[in-house]
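Hi everyone, thanks for making time this morning.

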Amino acid sequence: MRGDKMKNFYSRLTDILVIAIVAFLAASCGDFKKTNVVTPPSTNGKVDFTRYVSLGNSLVAGYESGALYESAQRYSYPNQIAQQASLATGSTMVFNQPLISDPGFGILGTTPIGRLQIVDLSTNPPKIEPAISASPTPINATTVMQPYNNLGIPGAILSDMMDTTNLSSPYPYLGSNNNPYFGIVLRNPLLGKSCVQQALNLHPTFVTVEIGDNDILGYATSGGISGYTSAQDFESKYTALIDTLLADAPTAKIAIANIPDVTAIPFFTTILPFIYGLNGQPTHVRMFVQRHHADGSLYAGPADTLHDFILLTAADSLAALAGTSLSHPMPDEFVLDSSEVATARVQISGYNDALRRIADAHSDRIALVDVHTLLNNIAQQGYVSDGIVFTSAFISGGLFGLDGIHPTAQGYGIVANEFIRTINAKFGSNIPLVAISSIPSSIVLAKSSIQPNVLPDISYKDLKSVLQLFDRR
Amino acid sequence: MASRKKALLGTVAAFAATVLSASTAFSSGYQLNEHGSSAVAMGGAFVARAWDPSSIYFNPAGLSYVKGFNIMLGGTLILPSTTFTDPNDTQWKMNSLTFFPPNAYVTYNFDNGLAAGIGVFTPEGLGTSWPQDWRGKFIITKINLQSFDINPTLSYSFLGDMVSVGVGFDYVLGSVLLERYNPTVIIDTAGNSVDPFVHMTGNAKGTGFNFGVMLKPYENISLGFSYRSKITYKVDNGTTTYTGADGLTAELPSGAASTSLPLPETWYAGIAYNGSTYSIEADYQFVGWSAYKELSITFQNPGPNGNPSPVIGDYSNSYIIRIGGEYMLNDMWTLRAGVFYDKNPIPDAYDLPILPDADRLGLNVGFGVSVTNNISVDASYMFLPFKQRTITNSALQFNGTYNTTANLLGIDISYKL
């Protein structure tokens, strides 16, 4: 009897188990099926990239490592946005850029140069030299018969956007020299007398604007010697620029970038305000620098190690032992001291407040891209993509080129993604993001012995510097 | 600048650690519980019965119930298929890999309650191989792991076979291979990337033990419990070669790489009902994956930058629920079926293409056939779908969706004297 009871009990248990299995399978089968989790890329009809125009400065142009050159321009963030938008619409859009053949065109003082390249890895930091470039060689200046879609002009400040005289008048920051980039980018007044006019002549359906960085960067990169645009002036000029775009491109939507903190870039963060030892490493002893009294007068004193920044351009002075004593301080032009940093930050904050107000006033048509926060976050935490870790460190970080200011191709990709994210969030489109790991590195190591895909055979001494370049983690 | 250099070397060494940790990872994500076709056909629910020579793996106490002298040889053909779909809907397919982890058992019953045996099986294995130019090439392009567990076992039953206990010793040998590209910020003047290719290999050894208990309190009921200890793999001879980094090798970590890896403890508990022509069993298997928190590695010549930082794994304990049974059609044929649910131990942040893991469902069928009085053949088929897993918070920002299924075909041939 007892056995029968047990048998009944266990056959019932078996039934329960079978029911449980069936229920479990029914409930979980959906999870085990392959389903598409990717929302198909689309502009959703919310944004129209048919005629996309970008305007602004060198960051818009795709300028990198001190020059404008084709292989970098190919990865300008506006071009990356255009390519991603093409993926979203399914048709390749025309996005003409003022391409200049490698090694490109930059200006060192008054001398034309090609892009900066690493030529010697045995020094610390590695020795960087410009590639020789006799004159800019435009690729498509005579074949593109309308204004370029990318109207980023290296060196341009806010007031240059609306200025109708730049094509012929002296450029203020280069002394008596014209800024040749106006000629390269705008070419001919018949295409439009100003940057904005050329943009409008394309009847844009979408516009991105990044301008104003140079309005404060000139001050910062001169160690506080050059002037800057006041926040009030900035707001009125930017408002005029936007009002013109809104009125004369009445259907276009606009994304505007705000201004990064100048101290988020390696130009200001590579050389530390400490005396460097013979091993090329900073000691714990504060560097002597030229600083400013409250009344603006100069004095030599120990650096404020938390708030003073030494410019990348101080490298040669550093090698000449500048900063090692009170009688041989780091010259003012290489020091952005705490008061100058504060001045720059007040201005930038004023600019960004203005941009916020402008964007809010036209929130149906303008998206504000917070490049400021993006670069601050990267400076603090780095940026990881597909297992590659990028940082804001000079050279080794992989995000900034050899001028210490302008992004690499991958850095521009991150900026493009920030634009795309903001545009998608603001306007409801679904433009896919760029896969940063698919963008090639772009810091050129110019060694005659280098073979494709093979590292140069370099001395042990060279290795110390080489290794600094080889990782982004 | 020194810290950056260290960071670089940290990458390489961390990669080395990743290589070695992969063997650990495989023992979970691809932990092999397929060590006997009869058991596999019943969803691996076997600990409370364990009545064939594969009891050496599943529950050594079962050895006492395996009469006579037995040889069992076989293996499981594993055909996995994995795809990764990135957020842009670009899909990569893992290169097709097939594996055949073998098993071999020899047992002898002294007919006085005492039985002895020795088993050789693959407690973990498999590998992944992705296209050389795929999106995750800086994380992994290839990994391959092999291992063998040599497991001598003794068993004793008493109280009229109502109780049986068994114990075994495990000596495990393993090897691992791993490859990937190391990203650099450099291109040459022709615009070509300069990303050295890293190739690593290592051999591992470890020891452990296992024991089991089986109770038959009632005529038709059996209870089983089986414990396999944590096995610490010791790696002391890992080697690394770099391609496209000739000038760098002097400063990269080199020489014998050593580390230790926990293969976590696992235990099975099960209850079975044994009828005259059929039996059915339900098991719970615990896997103590929380033992794997992080991994550190040391090189014989770490170079001026020291050894790398540990690699975080942060696994959770996991479990497998198994249900299965068999039905004796006649004296010759036995039909089997089973199902299991396998909970993966890897947090989303650390689920990487090195070991793309997910919760799994195992659907199993099989049969046994007595060919002669001495020879029998068991075969099994398992369909193993993985839950679709979408990662959005990868620690390496390698986000996307993994889809995996596997087909497993098992066969064992037994000779009984």
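Predicted model: local features only at pLDDT ≥ 70, side-chain atom pairs only at ≥ 80, totals over all residues.

**A helix pair in chain A**

Chain A has 14 helices and 18 strands. Among its contacts with a separation of 6 or more, 73% are between residues 24 or more positions apart.

Now to H11(A), which covers residues 338-361. With 24 residues, helix H11 of chain A spans 34 Å from first C-alpha to last, close to the 34 Å expected at 1.5 Å a residue. Which of its residues are buried? The list for H11(A) is Glu340(A), Val341(A), Ala344(A), Gln347(A), Ile348(A), Tyr351(A), Asn352(A), Ala354(A), Leu355(A) and Ala359(A). As a reminder, an α-helix has 3.6 residues a turn, so residues three or four places apart point the same way.

Next, the neighbour. Helix H8 of chain A, residues 231-248, has an axis that comes within 9 Å of the H11(A) axis, and the two cross at roughly 30 degrees. Because of that angle, H8(A) counts as roughly parallel to H11(A). The crossing of H8(A) past H11(A) is right-handed.

So who touches whom? From H8(A), the contact uses Ala231(A), Phe234(A), Glu235(A), Tyr238(A), Thr239(A) and Ile242(A). H11(A) brings Gln347(A), Gly350(A), Tyr351(A), Ala354(A), Leu355(A) and Ile358(A). By type, the residues of this H8(A)–H11(A) contact are eight nonpolar, three polar and one charged.

Note on methods: Residues numbered from 1 in each chain as written. Chains lettered and ligands numbered in written order. Helix = DSSP H or I, 4+ residues; strand = E, 2+ residues; numbered from the N terminus. Expected span 1.5 Å × (residues − 1). Buried ≥ 20, exposed ≤ 12 C-beta atoms within 10 Å, placed from the backbone. Axes fitted to C-alpha atoms, helices over the stretch in contact; angles between N-to-C directions. Parallel < 35°, antiparallel > 145°, perpendicular 65-115°, else oblique. Left-handed = near helix turned anticlockwise from the far one by under 90°. Contact = placed C-beta atoms within 7 Å. Nonpolar A, V, L, I, M, F, W, Y, C, P; charged D, E, K, R; others polar.
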